[in-house]
Amino acid sequence: MDSHGPKKSHFPKKKVGKNTHFLEALHYAWEGIQYAFETERNLRIEGVLFLSVVVAAVVLQLGRLEWAILLVTAVVVFAAEFTNSLVEWVCDLYVGPHYHPKVKHIKDAAAGLVTLVIMGAVFIGMLLFIPHLWQLGRAVFQLFIN
């Protein structure tokens, strides 16, 4: 904060309707991403796991194509988790504190989507990392036998 008071945003806090320009759309998209990470534990866990995978990819010196596959896979995982969160939020908005069997099935299916995507991501991660880990293991083994 400077001597002129708090910095004012160029965008209104409460908004209805379409964004008027691209920067405004980016601003609100970023707010949505922040809100999701602040409120959704699984997104934070997946964020930490993603950072761990990035560190492993740097250490193991993945190639450009491997990086591309890794990043696309991560985006798909995050997109599935965001979709799951959106489904849950909309369902909760609809039923409030009440139980509805259809809403349960909808939420379960959305969670199933995330589970399938994560299973696929783990498989892709194994395909990307196991050859590099195998190579590293052989090099370490060679150090011990020589």
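A residue is called buried under 20% relative accessible area, exposed over 50%, and partly exposed in between. In this predicted model, Val140 has a relative accessible area of 37%, and therefore counts as partly exposed. Val140 lies in helix 4, which covers residues 101-145, and Val140 belongs to a nonpolar surface patch together with Leu133, Leu136, Phe141, Leu143, Phe144 and Ile145. The accessible area of this patch comes to about 770 Å² in total.

Pro131 is another residue of helix 4, and because its relative accessibility is 46%, Pro131 is likewise classed as partly exposed. Although Pro131 and Leu60 are 71 residues apart along the chain, their C-alpha atoms are separated by 9.9 Å.

## Nonpolar cores

In soluble globular proteins, nonpolar side chains tend to be buried together. The largest nonpolar core here has 6 residues, namely Ala57, Leu60, Leu62, Leu70, Leu128 and Phe129. When neighbours within four places in sequence are set aside, Leu62 is in contact with Ala57, Trp67, Leu70, Phe129 and His132. Another core, of 5 residues, lies apart from this one and includes Val77, Ala80, Val114 and Ala121.

## The loop at Gln61

Gln61 sits in the loop between helix 2 (41-59) and helix 3 (64-95). The phi angle of Gln61 is near 55°, a positive value in a residue that is not glycine. With 65% relative accessibility, Gln61 is counted as exposed, whereas Leu62 is one of the residues of the largest nonpolar core.

Conventions
Residues numbered from 1 in each chain as written. Predicted model: local features only at pLDDT ≥ 70, side-chain atom pairs only at ≥ 80, totals over all residues. Heavy atoms only, no water. Core = buried A, V, L, I, M, F, W, Y, C linked by side-chain atoms within 4.5 Å. Buried < 20%, exposed > 50% of the residue type's maximum accessible area, 1.4 Å probe, protein only. Contact = heavy atoms within 4.5 Å. Patch = residues over 30% accessible without salt bridge, like charges linked within 9 Å, V, L, I, M, F, W, Y side chains within 5 Å. Areas by Shrake-Rupley, 256 points an atom, 1.4 Å probe, with all protein chains shown as cover. Salt bridge = Lys/Arg side-chain N within 4 Å of Asp/Glu carboxyl O. Helix = DSSP H or I, 4+ residues; strand = E, 2+ residues; numbered from the N terminus.
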